[in-house]
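The exercises below are meant to be worked through with the sequence and the model side by side. Try each task before reading the solution under it.

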Amino acid sequence: MMDAIVEVIDLHHRYPTGTHALRGVSMEIYPGEFVAIIGQNGSGKTTFVKHLNGLLRATSGVVRVNGLDVNRHKVSEMARHVGYCFQNPDHQIFCETVYDEVAYGPRNLKLTQAEIEARVDEALAAVGMLELKESHPRYLSKGQRQRVAVASVLSMHPTVLIIDEPTTGQDYRDGLEMLNLILQLNQSGHTILFISHDMPMVARFAQRVIVFREGEVLLDGSTRQVFKEVEKLRTTFLMPPQITTLAHEFRHLFPETMLSVPEMLEKTLQLLDNAPVKGH
Amino acid sequence: MMEYIARNSLIHRLHPLTKLAWAVTIMLLSLMFNNPWYLAVIILSVVIVGFIGKVGKETLVYLSALTVVAAFVFVFQILFRPGGRLLFTVFPASWPVVGGWLPVTQEGLNYGFAMSLRMIGLVSVLPVILTTTQPRDIVMALVDTLHVPYDYAFMFTTALRFMPIILSEVNTISQAQRSRAYAVEGWNPVRKLQAFAPIAMPIVFIAIEKADRLGLCMELRGYGSKNRTYLRMLRLGYLDLAAFILMVAMLVLSTIAIFQDYGRIDLIGS
């Protein structure tokens, strides 16, 4: 068995205002996993992921990433292990050129000039923005700015990538492109955790889904297992994709959970083929 | 940051104008007296009003944050106040070269106490007023009773209202940059200034964007059309009358006290 890259044991977080935002969260995430974190607003998703690079400190419990106890390291030290992309790229973009923006992290890591340049090119190539290297980030579209934000985190070579709501506020095509990009990053070896409210995208891309409810993990399993629990999901007002719900309603015909239209189509055709032919 | 807290209290029911008058009274009193004991009593009275207004805890949190600033004022006033009865020097006289530097005098000590307490006194009313008064009521009081043009009153309260929003944005930006290994290290002032850009640039853009959107929303809701009417009218009540009488009495008594040589101490050290 491989060692977990993220290991969380009985994590509690209480905000200074008294809100008990996390109530005993435990999980293990393994290298190369593609994990979606879902749940209602205020269920503790963002609070949870902010513990993985030390932006928030555990009130009690243990958080280890790459074997490092996050509580004993500064955020700036964790940056080379955990990349955190915020939802709104405008919260971080401040440079005159895309190049400088992406080079900011590596410069903070005090890398050599040659190394910085290599990393910027590599990160921009990964997000498909290499030709816009000298552009002013303010004049780019929102989708492009988000790619710059992702590149500026990638250039620090983190092993774990956290992406907060990558599709919110984007049209279907931009959202799809964003998740395809994340999938590529996953295939090139990054462990991915993304927060999302976009159930069809979660069903389509995630291998594993973790559901938060009121500061606790309600469900944790493969995407298929989690979306099977329609009743449990309903308690926290989460709706699986429509096709999944439809298949669930006809579960005497479709015992397995359906995640996409092509899947459902295939099963339906199989059922029709095997059906006893009547009327002859 | 101080925001309105909806609670049911005597102070919440006061007319905003009464509370503004109270602010002026406390400021005047803080300036009239320089005896640390008197100033301490003034601050204590503000805390008591805070507790009557059910915002005592919030007031104390704010004041304890202020004591950090006050501590700076205190130290600097002591160290850089010339003349007076010498108590001791920070560097003992027996030390070579630096011996006898930074003398601390009785007058400096008094002055430090007086100035830091006065500083706290001057701004101590802020949390009580902001947590017990709705911004729109402050606008009403300024426009309706004091005849301040509505635009100015609106500007004033919008600025107050924007502060917590901007601070929360700054917090998010700082988290985003720290996630990219942003860290302010060392004492080099040029470095410090450079380190400011990653936070300052995004917040300026976000603030402009927000202000732009706010302006649009205001126009869409008819801001600037003529003959504004008001949904709520505020009236001065008996409670306000009682408060005004109390405040005038305090000011008169204090003026008499000053002329009778109470509440002031000799800070010049002559």
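Predicted model: local features only at pLDDT ≥ 70, side-chain atom pairs only at ≥ 80, totals over all residues.

Residues are numbered from 1 along each chain as its sequence is written, while chains are lettered from A and ligands numbered from 1 in the order in which they are written.

**Exercise 1. Find the strands of chain A that pair with β1(A), and say how they run.**

Solution. Begin with the terms: strands (E, at least two residues) and helices (H or I, at least four) are DSSP runs numbered from the N terminus, and two strands pair if DSSP finds at least two bridges between them. Next, follow β1 (residues 6-14) of chain A to β2 (residues 20-29) of chain A, to which it is joined by seven bridges in an antiparallel arrangement. In the hairpin between these strands, which has five residues, A:Gly18 takes a positive phi near 105 degrees. Finally, turn to β4 (residues 60-65) of chain A, which runs antiparallel to β1(A) and is joined to it by five bridges; here A:Glu7 has A:Arg64 as its bridge partner.

**Exercise 2. Is A:Val160 buried or exposed?**

Solution. First locate A:Val160 in strand β7 (residues 160-164) of chain A. Then apply the cut-offs: a residue is buried if 20 or more other C-beta atoms, placed from the backbone, lie within 10 Å of its own, exposed if 12 or fewer, and partly exposed in between. Because 23 other C-beta atoms lie within 10 Å, A:Val160 is buried. Its contacts (C-beta atoms within 7 Å), not counting residues up to four places away in sequence, include A:Ile5, A:Val6, A:Val65 and A:Leu193.

**Exercise 3. Describe the side of chain A that touches chain B.**

Solution. Start with the contact itself, which takes 20 residues from chain A and 17 residues from chain B. On chain A, α2 (75-78), α3 (98-108) and α5 (142-154) each supply at least two residues, and α3(A) gives the most, with three residues. Lastly, sort by class, counting Ala, Val, Leu, Ile, Met, Phe, Trp, Tyr, Cys and Pro as nonpolar, Asp, Glu, Lys and Arg as charged, and the others, Gly among them, as polar: this side of chain A has eleven nonpolar, seven polar and two charged residues.

Note on methods: Contact = placed C-beta atoms within 7 Å.
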